[in-house]
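Reader: Hello! I would like a close look at a single part of this model, and I would be glad to have it set in the context of the whole chain. Could you walk me through it?

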Amino acid sequence: MSKFKFPSAYTILMLLTVLMALLTWLIPAGQYQMQLNETLGKLVPVVGSYQTVESNPQGIIDILMAPIQGFYDPSDYVARAVDVALFVLVIGGFLAVVTETGAIDAGIAGTMKRLAGREKWMIPILMGLFALGGTVYGMAEETIPFYALLIPVMIAAGYDSIVGVAIIMVGAGIGCLGSTINPFATVIASNAAEINFMEGFALRAVILILGWLLCVFYVMRYAERVKQDPSRSIVAHQHDDNLNHFLHGKQQKTPELTNTRKAVLAIFALTFAVMMWGVSAAGWWMAELSALFIGSSLVVGFVGRLSEVEITDSFVNGARDLLGVALIIAIARGLVVVMDNGNITHTILNYAEGLLGGLNEIAFINAIYWVEAVLCLVVPSSSGLAVLSMPVLAPLADFAGVSRELVVTAFQSASGLPNLVTPTSGVVMGGLAIGRVAYSSWLRFIGPLIGILTLMIMALLSIGVVIA
């Protein structure tokens with residue numbers, strides 16, 4: 001009898017797409033009346049305006065079209081995930097050009113030599129930096145380039161690919177979960193709830209700090225266990241294959257860290273610094289970032305003394321390596337499109353609104369958390385979920401005797417979950433694909449941590465109700 005093998009990320013997402021399509025035949029279609037919020041500049045639902053509409057059940061053609069519609073809207077050619085997918089391909093090309101110069105391998109070898117015996121301290125430092133990006137501006141898609149950079153360093157240090165993935169995904173994820181001034185989630189949610197975004201800051205800061213400490217302890221404990229006994233790694237069966245893939249089979253002989261390669265690494269680091277500045281201060285997004293990495297690829301190729309053929313071939317091959325990641329991002333977005341086209345997204349929100357009536361304060365705020373956690377599966381975008389849910393759920397807090405800033409905090413804590421585990425998130429599935437970590441393996445690793453964080457958040461929300 002053949003052993004059961006957990007399906008790939010592609011299969012999981014397509015099965016979820018089929019499930020959502022089936023639900024459009026079973027769940028009544030409905031819509032809230034939408035009105036323009038001048039502050040947000042977006043359409044938001046009007047409380048109490050939900051009404052049933054003509055159903056639009058999704059069929060086989062819609063399911064097959066979902067990945068295409070995940071890239072862009074065929075009716076008006078508005079981009080959906082095509083910009084992120086293209087960015088991933090460009091990143092693959094950029095990293096391949098840098099790798100072709102030998103700078104990555106030489107840099108990893110030099111780093112390991114300097115940190116001999118102290119590699120574990122990279123974990124809290126790097127997780128702190130990613131958490132800072134998450135809490136300040138909701139760092140998510142911008143983490144994708146770091147996987148191919150950091151995972152080889154962790155493997156060379158004696159850890160496994162899960163440690164590299166966790167440093168980035170859990171680090172940025174806990175930052176988003178404990179967002180303090182994130183304009184794409186906290187600020188938008190606060191505006192939609194009609195409160196100042198600094199209200200509730202203290203509790204969100206506590207969630208951020210305690211959550212970061214818990215996550216660092218959890219990842220460091222796993223990393224130390226793997227280093228002492230590699231057979232205890234969740235991906236131990238991939239050990240040799242990952243060594244060859246991420247270290248390019250060169251762990252026995254590494255290139256010398258010449259001045260040319262140092263210059264390439266300096267350009268490499270500067271590119272990421274410019275990326276962070278562009279996103280946080282200059283209003284850049286995927287188009288500008290893709291252009292940045294294309295330009296940096298040319299500069300790296302010139303400084304690294306690569307020929308025209310070497311630059312173009314390595315860029316194309318690198319993009320090809322991440323083609324699967326780009327497809328995963330589009331399929332994940334297509335799943336949400338099926339729900340929206342089937343007119344069941346607002347119906348699910350209306351069900352949630354009905355569940356919250358008549359609860360006491362502590363039960364209400366924890367129910368809000370769970371409602372938002374479920375809605376995250378439907379709307380993995382934190383800004384999209386804020387605009388959709390806050391105008392409906394925040395006013396309910398007034399009747400329950402709960403302050404609206406607690407509702408925003410509950411939303412914020414729940415909206416961080418897609419950055420850790422949700423299979424409808426292209427960031428999660430894309431990061432796992434780059435790290436060659438099966439979704440089932442990630443669930444084994446992240447499951448206990450999700451449980452710990454959930455209990456911590458529910459306890460802090462309950463305390464917030466008591467001391468308010």
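**A loop residue and its surroundings**

Author: Happy to. Let us begin with Arg436, which lies in the loop that links helix H19 (426-435) to helix H20 (439-467). Please keep in mind that this is a predicted model. The phi angle of Arg436 is near 60°, a positive value in a residue that is not glycine. As for its surface, Arg436 has a relative accessible area of 27%, so this residue counts as partly exposed.

Asn343 sits in the loop between helix H14 (323-341) and helix H15 (345-355). For Asn343, too, phi is positive and near 60°, again in a residue other than glycine. Is Asn343 buried or exposed? Its relative accessibility is 16%, and the cut-off for buried is under 20%, so Asn343 counts as buried.

Now for the setting of these loops. The protein has 20 helices and four strands. Its radius of gyration is 23 Å, close to the 23 Å given by the globule rule for 468 residues, so the protein is as compact as a globular protein of that length. Along the principal axes, the C-alpha atoms fill a box of roughly 70 × 55 × 50 Å. Buried residues make up 54% of the 468. Among contacts with a separation of 6 or more, 78% are between residues 24 or more positions apart.

Two packed helices are described by the angle between their axes and the distance between the axes. For helix H5 (residues 122-137) and helix H9 (residues 201-228), the axes come within 10 Å and cross at roughly 145°. The crossing of H5 with H9 is right-handed. On the H5 side, the contact is made by Ile123, Pro124, Met127, Gly128, Ala131 and Thr135. Their partners in H9 are Leu208, Trp212, Cys215, Val216, Val219, Met220 and Ala223.

To return to your close look: Arg436 is a partly exposed loop residue, found between H19 and H20, and its phi is positive.

Notes. Residues numbered from 1 in each chain as written. Predicted model: local features only at pLDDT ≥ 70, side-chain atom pairs only at ≥ 80, totals over all residues. Heavy atoms only, no water. Axes fitted to C-alpha atoms, helices over the stretch in contact; angles between N-to-C directions. Helix = DSSP H or I, 4+ residues; strand = E, 2+ residues; numbered from the N terminus. Left-handed = near helix turned anticlockwise from the far one by under 90°. Contact = heavy atoms within 4.5 Å. Rg over C-alpha atoms; globule rule 2.2 N^0.38 Å. Buried < 20%, exposed > 50% of the residue type's maximum accessible area, 1.4 Å probe, protein only.
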